[in-house]
Amino acid sequence: MADSIYGLMARFDSASEIFHAAKKVRDAGFKNWDCITPFPIHGLDGAMGVRRSHVPKFSLVGGLAGFTTGMSMIWFTGAFDYPLIVGGKPYFSPLFAFPIAYELTILFTAFATIAGMFILNWLPQHYHPVLKSDQITRGLDDTFYVVIEARDPKFDLIRAKALLTQSGAKEISELEA
Amino acid sequence: MSTRAATISPSAVSASAPVSSLSGAATKALTLGVIGLVATAAGLAVSSGKAVAFSYLTGIVFWIGIALGALFLVMIHHVFDAGWSTLLRRQFENWLACLPWLALLFVPLIASAFFAPGMIWKWTNPSYDLAQVGGHGTVAQDVLWVKKSGLLSTTSLVIASIVGFAGWSLLANRFRAHSFAQDTDGNISHTHASRFWTAVGLPFTALSMTLCIILWVKALDYHWYSTMYGVWFFAGCVRGALSVGMIITVWLWNRGDYKGILNNNHMHSHGMLMFAFTVFWAYITFSQYFLIYMANIPEETFWYSLREINNNGHFNTWGYVGFFLLFGHFFAPFLTLIHYPVKLSKIWMPRIAAFIAFVFLVDVTYNVMPSLKKITGDAYPFTSINLLWIATSVVGVGGVCVWAYLNSFSKTKLIPIRDPRIGESLTHHE
């Protein structure tokens with residue numbers, strides 16, 4: 001039966017309720033699950049056991065690429081491709097290449113950060129199984145939902161339902177796959 | 001902002017610091033300070049008065065910078081009506097107790113302009129013979145001084161120093177008095193009064209600090225032009241103060257005072273400020289160097305040439321100091337502070353903070369000491385006995401600062417318990 005549904009969706013009525021429920025679901029060892037809240041809740045990521053994002057790694061790569069691009073661009077144009085003396089300065093010095101390298105570091109870091117974020121969070125998603133629930137719009141307005149996916153290795157319909165009920169869920173519905 | 005001042009009851013937080021062990025520590029700090037000052041004075045028997053005076057100027061400007069940075073941080077807290085930094089603000093307020101003492105300790109330097117004119121600042125004696133430092137003629141015959149003589153005079157030096165120290169001490173006194181009084185009466189008017197003093201104090205301190213640092217340090221080589229100098233010092237000041245603040249924070253954490261008060265987000269925010277000012281310092285310092293490098297005007301480039309090569313073209317010791325500043329004051333803090341776990345670490349942060357404060361001292365040294373020139377016009381090398389007088393000055397003035405801080409610390413609450421934003425600060429991002 002667990003194969004035929006996407007997962008379970010449990011309704012909570014307040015931020016503190018979902019906060020405590022999230023801790024219980026986390027402690028039960030679930031990995032493929034999520035919280036749907038109308039607004040960001042401080043500390044919910046910790047209660048869900050979400051680890052720190054991998055986006056900074058993309059930023060670092062972007063930054064290093066930008067710095068290298070800036071330095072090598074100035075070296076290529078000024079000292080390699082068309083050597084030209086300007087203002088009595090050497091053909092190449094990291095000093096005057098620095099502002100360009102610095103700007104490109106920031107630019108490439110920004111691009112990499114934004115790209116990294118979209119790659120990691122898979123947005124924009126035009127379809128998601130929870131959209132089949134006719135209740136989901138309330139999760140963007142005044143209620144809070146915990147969604148546990150059936151593909152989670154720990155998922156067992158009866159036990160998951162019991163856990164959610166025990167965590168104080170007001171209503172539990174099955175999401176079709 | 002709430003219209004009520006007290007949002008948590010004083011009993012909710014045990015905020016009074018244990019006094020017993022501190023009076024001993026304060027006395028030790030003062031003793032160490034006096035020993036340092038006496039040792040510096042004893043240096044007059046070994047080195048020239050000029051060398052000792054330059055070293056003492058280095059030491060005291062370092063601590064003045066940290067005190068001014070603390071003053072700026074308190075004012076920045078008030079001007080933004082900040083919430084999270086409320087609990088950290090109290091330790092900066094305690095630190096500000098040293099400002100009147102710094103004024104007192106600065107008196108000998110000002111006095112030297114009268115009993116030994118030209119010793120530190122050549123322009124305090126217009127008949128100073130520039131041949132002593134590799135120039136020619138006297139200061140009065142130097143067109144670059146004549147054009148700048150409106151500012152560079154003993155009168156300006158005295159007025160700027162008095163106005164500066166008086167204003168900073170007054171501001172420090174006001175912020176401390178209002179904040180401490182709020183602990184007892186919980187009156188919101190203290191917050192409003194602090195905001196008023198901030199509105200007055202920020203432009204005043206920005207201008208007076210710029211003027212003082214131009215007269216005290218930049219004008220040691222009065223030929224030089226740099227439009228970045230005041231901002232350079234501001235960046236150094238705030239970095240120094242944030243470092244001292246971080247060391248105090250972790251000290252209080254290890255003592256157990258901050259248990260249940262300080263959370264990871266305070267460490268993170270404090271660390272982010274240290275990181276931001278690392279980048280800011282690098283931006284300002286690089287811009288100053290870069291503009292001078294590109295324009296290539298002798299009246300500007302000589303300042304860096306003095307700190308890199310001797311007249312015979314040989315690379316000198318100050319060149320290494322310059323590279324140390326580049327890597328030590330920018331790359332090392334930048335690459336460590338950029339990591340999130342490092343900013344939360346109570347092992348890493350005080351060490352990084354101490355390192356930044358140390359390199360700020362090297363930065364001040366780099367700005368002051370090369371102006372002490374040989375008869376050839378070359379700078380006296382970095383590695384000399386003067387390092388000892390710098391060390392004794394730093395210990396001397398620092399001992400007095402720490403003593404003033406500990407005295408104030410033992411008399412006040414650990415955090416501003418009835419500040420309207422203290423509740424917000426205690427639950428920073430929680």
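Of the 430 residues that make up chain B, 44% count as buried. The structure is a predicted model, so everything below describes that prediction. As for secondary structure, chain B is built with 15 helices and zero strands. Its radius of gyration comes out at 22 Å, close to the 22 Å that the globule rule gives for 430 residues, so chain B is as compact as a globular protein of that length. Along the principal axes, the C-alpha atoms of chain B fill a box of roughly 70 × 45 × 40 Å. Contacts tell a bit about how the chain folds back on itself: taking those in chain B with a separation of 6 or more, 81% are between residues 24 or more positions apart.

Helix α2 of chain B, which covers residues 49–79, is a handy place to look at helix packing. One of its partners is helix α3 of chain B, residues 86–95. The two axes sit 9 Å apart, and the helices pack at an angle of about 140 degrees. That angle makes α2(B) oblique to α3(B), and their crossing is left-handed. On the α2(B) side, the residues involved are Ala67(B), Ala70(B), Leu73(B), Val74(B) and His77(B); they meet Arg89(B), Phe92(B), Glu93(B) and Trp95(B) of α3(B). Sorted by class, this contact has six nonpolar, one polar and two charged residues.

Another partner of α2(B) is helix α7 of chain B, residues 189–216. Here the axes come within 9 Å and cross at roughly 155 degrees. With the limit for roughly antiparallel set at over 145 degrees, α2(B) and α7(B) are therefore roughly antiparallel to each other. The crossing of α2(B) past α7(B) is left-handed. From α2(B), the contact takes in Leu57(B), Val61(B), Leu68(B), Leu71(B), Phe72(B), Met75(B), His78(B) and Val79(B). Facing them in α7(B) are Ser194(B), Arg195(B), Thr198(B), Gly201(B), Leu202(B), Thr205(B), Met209(B) and Trp216(B). By class, the contact between α2(B) and α7(B) has ten nonpolar, five polar and one charged residues.

Seven residues of chain A are in contact with eight residues of chain B. The side of chain A that touches chain B has three nonpolar, three polar and one charged residues.

Methods:
Residues numbered from 1 in each chain as written. Chains lettered and ligands numbered in written order. Predicted model: local features only at pLDDT ≥ 70, side-chain atom pairs only at ≥ 80, totals over all residues. Helix = DSSP H or I, 4+ residues; strand = E, 2+ residues; numbered from the N terminus. Rg over C-alpha atoms; globule rule 2.2 N^0.38 Å. Buried ≥ 20, exposed ≤ 12 C-beta atoms within 10 Å, placed from the backbone. Contact = placed C-beta atoms within 7 Å. Axes fitted to C-alpha atoms, helices over the stretch in contact; angles between N-to-C directions. Parallel < 35°, antiparallel > 145°, perpendicular 65-115°, else oblique. Left-handed = near helix turned anticlockwise from the far one by under 90°. Nonpolar A, V, L, I, M, F, W, Y, C, P; charged D, E, K, R; others polar.
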